Amino acid sequence: MSLGLINPALASLSDLEYGKPMKSPAALLLGLYIAAGLTACRAQGSQNSSPAITAPAKPMRIVSLDFCADQYLLKLIEPERILALSPDARKPISYLNDKAQNIPNVRPSAEDVLRLKPDLIIRSYGGGPNAAEFFTQAGLPVINIGWAGDFEAIKSVTQNVANDLGVPQRGQLITADMDARLAAIKPHANMPETLYMTPSGTTTGAGSLVHQIMTKAGLGNFQTQSGWRDIPLERLAYEQPDFIAAGFFDTNIENAWSTMRHPIARKQIATRPAVFLDGSWLSCGAWFAIDAVEALANASNTAPPTPISTP
Amino acid sequence: MTDLLFQNITVTGRVTQVDLHLDCGELVVILGPNGAGKTTLLKTALNLIKPDKGQVFYGSQDNQSLSPIERAKCVSYLPQIRPMAWPNIVRDIVALGRYSHGASLGRLKGQDKMAVNEALSACGLTHFSERRIDSLSGGEIARVHCARAFAAKAPLLIADEPVAALDLHHQFKIMDLIRDYTRGHHGGNGGALVVLHDINLAAKYADRLVWMKDGHILANGTVKDTLTTARLADIYGVSASINETSVQIHGVLDGQPNPKA
Amino acid sequence: MNFHRALIPALIFASLMSLLAACALGSTPMSFGQIFNAFIGRGNAGDIVVIWQIRLPRAISAFCVGAALGASGAALQGLLRNPLAEPGILGVSATASLTATFAIYYGIVSISAWTMPIAAILGALLATTIIALAAVKTRSVVTLILIGVGLSSFAGATMSLLLNFAPNPFFLADMINWTLGSVANRSFADILFALPFLILGLGILLSARRGLSALTLGEDAASGLGVNLKKQRVLIVLGAGIATGASVALAGAIGFVGIVAPHVIRPFVRHDPARTLIPSSLLAGVFLVIADIGVRVLPTQNELKLGVVAALIGAPAFIWIAMQRRSLHD
């Protein structure tokens, strides 16, 4: 397992799941495990793999294995054709959770899923790295949603998924909408230095979707080092950002050792103008990430700070 | 001057209605087979076992009314020798005898230091005083524990088989030290209550013998009065011949009920 | 064997040096002149913040945790008369981690930043109370050990259950931090929270240490010397439980340092358990500060956890002690 695969794998987890790279050995192992199952080409975006078995022209019994796949399903397919969603579909982290209210959930285990007799499986990370292979062997078509690290990749992934689901026009609608919304963004002219903060105490520099979100909103990234790292406490002693982009504060909790717990980090959120971005916007690296761009672009950088729930 | 009084001591199943008085300056030896209740009786004197009935007095004080420190100031205890948890230095072990006087090892005050030095010299340990206890022989270790008991300068001494597993020289050496203690040396001025298995040793050193069997005291008197072949047969089930204070055991008596072993 | 007079001053010196060294390391390169100025409150405001609010609290946290565990380990080894005893044996660290994990699992932690350390302390106090009650009611220290083992096992099993039901990977990461131990991002506020418990626990231990010397002869003989066995047991258990609870609230469960420090100190204090307390405390503090320096300096992909470094050094030491003891006491 080369190091080249580890970083993107961890970063992919961060974009796909909750926006935080896990820094513990268990998470590293999890990352390696998933990376082992993913395709070998790890670029800023990748093709999703079309099903090895051809999907039916109009699949009627589709099952999704994780909450990222849930979003695509809920957006592109009528509810009657969705057999079951992942257990996270109704949680706050799920962008379209209101649409998921009346749709049953299923645990992404092979036994539970097969029992439902689906005719198509769609997943990004759900079910584990062997899921695609397993379901293929069981005779089911599986759509693997590719990983997208920037907006261009998001557009192509979305289109591919729509194609595989048999609804290419809906895919075009989404990508066109994305283009329109991005074009309509009025970025901040003065490029205020912005620090991205999360409850787990991590921030990101260049090379991530969050970074691109910030740049498209006309914000400069306070964090100069690329990749996902701890909030730079020592640097904050000398210089402070103009603006805070706070992600996942509605869905995630602080852990006891998070950099966010430190008074210096807290002070930034308490005293600088901050925009709070929903965790659901930032997970999964999908089209709804534009909500975050809009929120950041529209925020006045003289807005009074919003107090956070944890002191 | 503190005497030791057992009044109507009963520990269910082990000791029944024992009355025993130890006067100042007396060396009393308790003899009896295993399971006779000797150690149990000793432990009631130290409040290690609470009797179901009866009381133990140090002088006029009921030993249960005293705190552990006050008890320790009245009685020095020499239990059966066990391996120590840590390989401590001889001087420190002897200094533990001053625990009831508030001494902390390594920071001994004047009186405590003096008591320790005296005890070391009395037991012939002065040149061993900085050695680790695990580098000493069994006999030397027994002397260290004696020194510890003497360093307390308590009026009473209670010893449970202090010479078990020692070589001949040290068996007599330890008993000499205990007897000197009862005669007013080594800080003692009270009595000593000792459990022994060796009849000859007991006969040589005791002022009084106490014979126990099945939790009762069967005889309590001087060596001359209580040391008889009949007594040995009754208590131990052995045949013996006695000459003055030396006893020769011939063997097990046939037909005698096996004493509780 | 004659080092003991110089021992405590030497350890105090080592403590100060290690704290200074810890403050010299960090992501911002600072010259010794800058560090010195920051310490005395002069110089760049940013430097002062870095030293006083970021590096120093972290170093002091590591030291306090070590001090608590070193003293508790030394006291427990004296009470149980066994060089393999350590604070974890009471089940306090495991229970404290468990209650903290529950607080995270049920989302109570979103109420306040203090919910987690409070939950940890409550867990520690619960375990301590259970064992202290057992110490009052039973005569045997073996019972105490068994109850401690029982608590640890129960806590471990329940944490496995919670791991199983982990709602998200952060929960897992959090639980791992509790069981591996870390002093990352500690501030003086965290230290001040744990400090009263730390001082209380250490105070109780120090007040009860004289009896530990006497216990070397065995419980009966110690009682004969004047030790109140019940009071001795209760005080040591209380002191060790509270101090360990404070250390878990500050840094999660860190093991082994409580075994190794007393073992190293013993030969320097003539193997007297009472005199191992303060030096073990200091040595363990220094040990963890240095381990934390290692955590920050070693160029590993993910930051090493403090407890991992302590365990990597401590576990072989544990085995070595066990084998030494076997040959001594057979």
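1. Taking a salt bridge as a side-chain nitrogen of Lys or Arg within 4 Å of a carboxyl oxygen of Asp or Glu, the count over all chains comes to 29 salt bridges. This is a predicted model, in which local features need pLDDT of at least 70 and side-chain atom pairs count only at pLDDT 80 or more, while totals for chains, interfaces and linings use all residues. Residues are numbered from 1 along each chain as its sequence is written, chains are lettered from A and ligands numbered from 1 in the order in which they are written, and side-chain values use heavy atoms, with hydrogens and water left out.

2. On the salt bridges within chain A, Arg170(A) pairs with Glu78(A), the closest N and O atoms being 2.8 Å apart. Arg170(A) lies in helix 7 (residues 168-184) of chain A and Glu78(A) in the loop between helix 3 (67-76) and strand 2 (82-84) of chain A, so the pair ties together parts that are 92 residues apart in sequence. Helices (H or I, at least four residues) and strands (E, at least two) are DSSP runs, numbered from the N terminus. With buried meaning under 20% relative accessible area, exposed over 50% and partly exposed in between (1.4 Å probe, protein chains only), Arg170(A) is partly exposed at 32%, and Glu78(A) is partly exposed at 22%.

3. Helix 7 of chain A also carries Arg181(A), whose side chain meets that of Glu294(A) in a salt bridge (2.8 Å, N to O). Glu294(A), at 24% relative accessibility, counts as partly exposed.

4. For chain A as a whole, the secondary structure comes to twelve helices and ten strands, and buried residues make up 58% of its 311 residues. Where contact means heavy atoms within 4.5 Å, 68% of the contacts in chain A between residues at least 6 apart in sequence join residues at least 24 apart. Chain A exposes about 12300 Å², of which carbon and sulfur atoms supply 56%; accessible areas come from the Shrake-Rupley method with a 1.4 Å probe, and for residues only the protein chains shown count as cover.

5. On the arrangement of the chains, two pairs of chains touch, and the most contacts are between chains A and C. Chain A and chain B do not touch, their nearest C-alpha atoms being 40 Å apart.

6. At the interface of chain B and chain C, 32 residues of chain B are in contact with 30 residues of chain C. The area buried between chain B and chain C is about 2700 Å², and carbon and sulfur atoms give 57% of it; buried area is the accessible area (1.4 Å probe) that two parts lose on being put together, summed over both. Leu48(B), Trp86(B) and Tyr99(B) supply 29% of the area that chain B buries against chain C, more than any other three residues.

7. Four salt bridges are found across the interface of chain B and chain C. One involves Glu130(B) and Arg270(C), with closest N and O atoms 3.0 Å apart. In another, Arg275(C) pairs with Asp92(B) at 3.1 Å between the closest N and O atoms, and this pair crosses from helix 13 (residues 273-297) of chain C to helix 3 of chain B. Both Arg275(C) and Asp92(B) are buried. Salt bridges that share partners join Arg91(B), Asp92(B), Glu130(B), Arg270(C), Asp272(C) and Arg275(C) into one network.

8. Ser100(B) also deserves a comment. This residue is found in the loop between helix 3 (90-95) and helix 4 (110-122) of chain B, and at 4% relative accessibility Ser100(B) counts as buried. Leaving aside residues up to four places away in sequence, Ser100(B) touches Ile69(B), Ala72(B), Lys73(B) and Leu225(C).

9. The sheet of chain B is open, with six strands in the order 6-7-8-3-9-10 and mixed pairing, where two strands pair if DSSP finds at least two bridges between them. Strand 6 (75-78) and strand 10 (216-221) of chain B stand at the edges, each with a single partner strand, so one side of each is left without a neighbour in the sheet. The twist averages 15° from one strand to the next. Strand 9 (residues 208-213) and strand 10 of chain B pair in the antiparallel sense over five bridges, and Trp211(B) has Ala219(B), in strand 10 of chain B, as its bridge partner.

Terms used: Axes fitted to C-alpha atoms, helices over the stretch in contact; angles between N-to-C directions.
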